[in-house]
Amino acid sequence: MNWTNPRQVDRSPLELVSGEVFAKEFGVQPTHFARAPGRVNLIGEHIDYHDLPVFPMAIQREAYLAFRCRDDGFVRIRSVCEDFEEVEFEIVPGITASSPGHWGNYVKAPADELARRFAISRGFDGVLVSDIPIAAGLSSSSALVNAVGLALTHINGVVLETLPFADVMADAERYTGTRGGGMDQAISIGGHAHHAAQIEFSPLTMSHMLVPERWRFIIANSGVRVEKSGYAMGVYNARRDESEQALRIVTNTALDRGLIRSQVTGYKNLLEILGEDIAIEMAEAVLERTLFQRFRHVITEAVRVGTAIDLMARGDVQGFGWLMDASHKSLRVDYEVSSVELDELVVVCREAGAAGARLTGAGFGGCVIMLTEQDKVDVVLEGLSRGYYGPRGMSTDTDQSHFVARPSAGASIITL
Ligand code: GLA
């Protein structure tokens, strides 16, 4: 597949800004732009790393990278955001990481992975601009990884189809220290306008589903940043370890009892063999409380994803909303990745008239996603201002605090 779009007549504001800053910074025009969207996950949280299906969509907020190929193997990239210092490094397999949490690690990640796998050696000068809220659970970091990955593959003549590209970028991002799944990179490259996507893993597949015309997903930022490199990374990796450990104990018990004949390949396989009820019943009998809760979240969330997709196909807004509520409860009680603010925001969303609401992304802060119908959007937004943002004295500028998510197209390269 070729992601190069013909030059568009309408230049997006992000393209204009990154292009102008590039020209000022480097004294020449960029030759290309790589754009990659953020995402919002509708349902299926903390289960992609267990190879269970998830259901996200790409959104209209994007990372935009203006770039120009260099003659050597250096990458020099700056952000228009003054808080981010310029990053410069040479592309070699085994690039030394910046300090944990440094944005440069999300630039180095794809360079390192592509150097290891494809021996790429050609770098670029680049300027980055993004309107994806940062540290808010909307995948600003995976969008950056994908944009840089696209630029590097393009410059170095590495041709990858959508799904293999997503796989490579998912591996690449683990360079940053988070043992994440592959949802974010896949939807950011493979999203379709007007569609959400059911994503399955090992092997990676995507099936796109038209979002009903009258459905509106609203994203509301709790205002609490999720610093992926700090506390959130530690808890994220711990949850993965705990749920992996829970699976090991349950499968060993099932083997001992002759319920299964050979080691299962993962949660998906176990669910297929035992079914939801027996799997949970057995887990409850053999696991200590915390591990049982982690196990129960993974199993029930996987089942909710399948049901939610059926409900969207039938246009059942109330049913889908109910599952979002159930997902949030499971993330709050069983997986313990919510926060006081996210819980309050979810309650406010419901009181404001949303059909359902849940934390989205890794949790620990960041955003809530809620579902409502087109004609109720204004009422729900008013309720959010009155119930959450107003009392906290937070800005209700819809650009920063809350906005209606538009299911959007995946990443691409634009050639000037
Ligand atoms: C982060 C990770 C994803 C996924 C979500 C939680 O966004 O990058 O792979 O695990 O958290 O669903």
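**View 1. Burial of S243 in the predicted model.** S243 is buried, with a relative accessible area of 0% (buried means under 20% relative accessible area, with a 1.4 Å probe and protein chains only). The residue belongs to helix α6, which spans residues 231-256 (helices are DSSP runs of H or I with at least four residues, numbered from the N terminus). The model is predicted, so local features need pLDDT of at least 70 and side-chain atom pairs count only at pLDDT 80 or more, whereas totals for chains, interfaces and linings use all residues. Residues are numbered from 1 along each chain as its sequence is written, and side-chain values use heavy atoms, with hydrogens and water left out.

**View 2. Surroundings of S243.** A polar atom of the S243 side chain lies 2.8 Å from the backbone oxygen of R239. Not counting residues up to four places away in sequence, S243 touches Y49, H50, Y267, R294, V298 and Y335 (contact means heavy atoms within 4.5 Å).

**View 3. Residues around the ligand.** The ligand is surrounded by R39, E45, H46, D48, Y49, G181, M183, D184, K228, Y236, G361 and A362 (each with a heavy atom within 4 Å of the ligand). By class, this shell has four nonpolar, three polar and five charged residues.

**View 4. Oxygen atoms of the ligand.** An N or O atom in the side chain of D48 is 2.6 Å from a ligand oxygen. A polar side-chain atom of E45 lies 2.7 Å from an oxygen atom of the ligand, and for a backbone N or O atom of H46 the distance to a ligand oxygen is 2.7 Å. Taken alone, the ligand exposes 310 Å², of which the protein buries 97% (Shrake-Rupley method, 1.4 Å probe).

Technical notes
Helix = DSSP H or I, 4+ residues; strand = E, 2+ residues; numbered from the N terminus. Buried < 20%, exposed > 50% of the residue type's maximum accessible area, 1.4 Å probe, protein only. Polar contact = N/O pair within 3.5 Å; in protein donor to acceptor, adjacent residues only side chain to side chain. Nonpolar A, V, L, I, M, F, W, Y, C, P; charged D, E, K, R; others polar.
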